[in-house]
Amino acid sequence: MHRQLSYAQAILEATDQAMGLSPDVVLLGQLVDTKAGIFGTTTGLVDKYGGERVQDFPVAENLMTATAMGASLTGLRPVIVHQRLDFMIYSLDAIVNWLSLWRFKSNGKSAMPVTIRAIVGKGWGQGPQHSKSLHTWFAHLPGLQVAMPSTAYDAKGLLLESIFGETPSIFVEGRGLYSMTDFVPEEPYRIRFGRAKIRRTGSDATIVALGSMVPLALKAAAMLERDGVQVEVIDPRTISPLDRNTICDSVSKTRRLVVVDPAWQSFGAGAEIVSSVVERVGDILAAKPVRVSLPDSHTPMSSALEREYYPDEYVLRDAIRGVMGQTAGAGNILGAQGQFR
């Protein structure tokens with residue numbers, strides 16, 4: 001049966017079902033055992049499964065990640081929650097030097113099936129220390145999977161796949177997506193990593209949008225449809241592994257590409273996607289690819305400046321209009337107005 005669930009409810013249901021299916025699934029994180037339950041994503045789980053399987057943790061991110069890694073070696077499947085992706089950086093040594101390469105160092109004989117939920121904040125007052133999207137950092141590491149679900153349906157399926165898989169995963173959640181709803185099956189299901197979703201079909205241009213940028217891309221595509229422009233919207237869903245085939249197949253049809261990445265532009269996932277397309281099908285492009293991303297500047301604190309910093313559906317619409325009329329020059333769009341440098 002399909003019901004409408006919010007993104008947050010889908011994460012809660014996936015965690016609940018995983019814990020019900022296997023006693024080896026445990027949950028760690030700051031305030032995971034409270035009534036609020038981290039934006040409603042862990043609410044009630046401690047009452048249902050007890051304090052041994054749902055544990056609050058002190059403000060010690062590196063210790064929490066290391067604890068999860070050790071628990072995974074005993075046969076458990078830990079899910080840990082970092083409420084701020086920014087502060088997850090305290091556990092970078094554990095992730096880079098141990099978690100990501102454990103299977104490689106053991107010649108495939110041992111695994112650390114750890115799922116790390118990392119929340120990315122956006123909204124007035126988040127500022128430079130609470131809003132950094134660092135998904136590209138982790139996608140750069142061999143041995144890690146990185147998911148960026150944009151819908152409640154995908155959030156549930158990808159989280160269950162991550163929990164019961166053998167490869168450690170970083171599960172990036174855009175905080176602005178938590179209230180968005182979608183039809184979600186009641187029964188457990190898994191979505192394979194590395195399989196993009198075509199959110200909207202079109203023949204004139206391709207938008208590849210990551211995570212929280214997908215709803216904006218769909219709005220921009222709807223605007224352009226009124227002008228007679230048919231935009232295809234590709235949601236990679238995971239960036240490690242990345243479904244390059246689906247992306248390149250779409251661009252082969254439309255011959256135009258805009259990549260929308262909710263992170264800094266330089267050296268980002270957007271650049272990797274553009275490179276993949278140019279390397280594979282660059283000879284058929286009718287226009288040079290465009291990246292829409294955040295400026296290479298830290299996030300401003302004030303609401304007025306934040307509105308200028310983040311791109312919206314109008315920026316995406318104009319980027320598509322640009323590639324539709326473009327025959328030669330390349331373009332990159334930084335932030336909402338491009339004035340941050």
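**Backbone, strands and overall fold**

Tutor: Pro-241 is placed in the loop between β12 (238-240) and α10 (244-254), and a cis peptide bond with omega of about 5° joins Ser-240 to Pro-241. Please keep in mind throughout that this is a predicted model.

Student: OK, and what about phi at Ile-38?

Tutor: Ile-38 has a positive phi of about 50°, although it is not a glycine. The residue lies in helix α2, which covers residues 37-40, and Ile-38 counts as buried because its relative accessible area is 4%, where the cut-off for buried is under 20%.

Student: And Asn-107, where is that found?

Tutor: Asn-107 is found in the loop between α6 (102-105) and β5 (115-120), and its phi is near 55°, again a positive value in a residue other than glycine. Its relative accessibility is 63%, so Asn-107 counts as exposed.

Student: Switching to strands: which ones does β2 pair with?

Tutor: Strand β2 (residues 25-29) pairs in the parallel sense with β4 (residues 77-82) over 5 bridges, and it also pairs in the parallel sense with β3 (residues 54-56), there over 3 bridges.

Student: Are the faces of β2 covered or open?

Tutor: Both faces are covered, with Val-25, Leu-27 and Gly-29 buried on one side and Val-26 and Leu-28 buried on the other. In terms of counts, 5 of the 5 residues of β2 are buried.

Student: What else is Gly-29 in contact with?

Tutor: Leaving aside neighbours within four places in sequence, Gly-29 is in contact with Gln-55, Asp-56, Phe-57, Met-64 and Val-81. If you want a distance to check, the C-alpha atoms of Gly-29 and Ile-80 are 5.5 Å apart in space, although these two residues are 51 residues apart in sequence.

Student: Now helix α4. Is Ser-72 buried or exposed?

Tutor: Ser-72, which lies in α4 (residues 61-73), is buried, as its relative accessible area is 5%. Not counting residues up to four places away in sequence, Ser-72 touches Pro-78, Ala-111, Met-112, Pro-113 and Val-114.

Student: And Thr-74, buried or exposed?

Tutor: Thr-74 is found in the loop between α4 and β4, and at 62% relative accessibility it counts as exposed.

Student: How much of it counts as buried, and what share of contacts comes from residues 24 or more positions apart?

Tutor: Of the 341 residues, 56% count as buried, and among contacts with a separation of 6 or more, 82% are between residues 24 or more positions apart. The accessible surface comes to about 14,400 Å², of which 53% belongs to carbon and sulfur atoms.

Student: Last one: how many positive and negative side chains?

Tutor: There are 34 positive and 34 negative side chains, and the centres of the two sets lie 3 Å apart.

Technical notes
Residues are numbered from 1 along each chain as its sequence is written. This is a predicted model: local features need pLDDT of at least 70, side-chain atom pairs count only at pLDDT 80 or more; totals for chains, interfaces and linings use all residues. Side-chain values use heavy atoms; hydrogens and water are left out. Buried means under 20% relative accessible area, exposed over 50%, partly exposed in between (1.4 Å probe, protein chains only). Contact means heavy atoms within 4.5 Å. Accessible areas come from the Shrake-Rupley method with a 1.4 Å probe; for residues, only the protein chains shown count as cover. Lys and Arg count as positive and Asp and Glu as negative; His and the chain ends are not counted. The place of a charge is taken as NZ of Lys, CZ of Arg, CG of Asp or CD of Glu. Helices (H or I, at least four residues) and strands (E, at least two) are DSSP runs, numbered from the N terminus. Two strands pair if DSSP finds at least two bridges between them.
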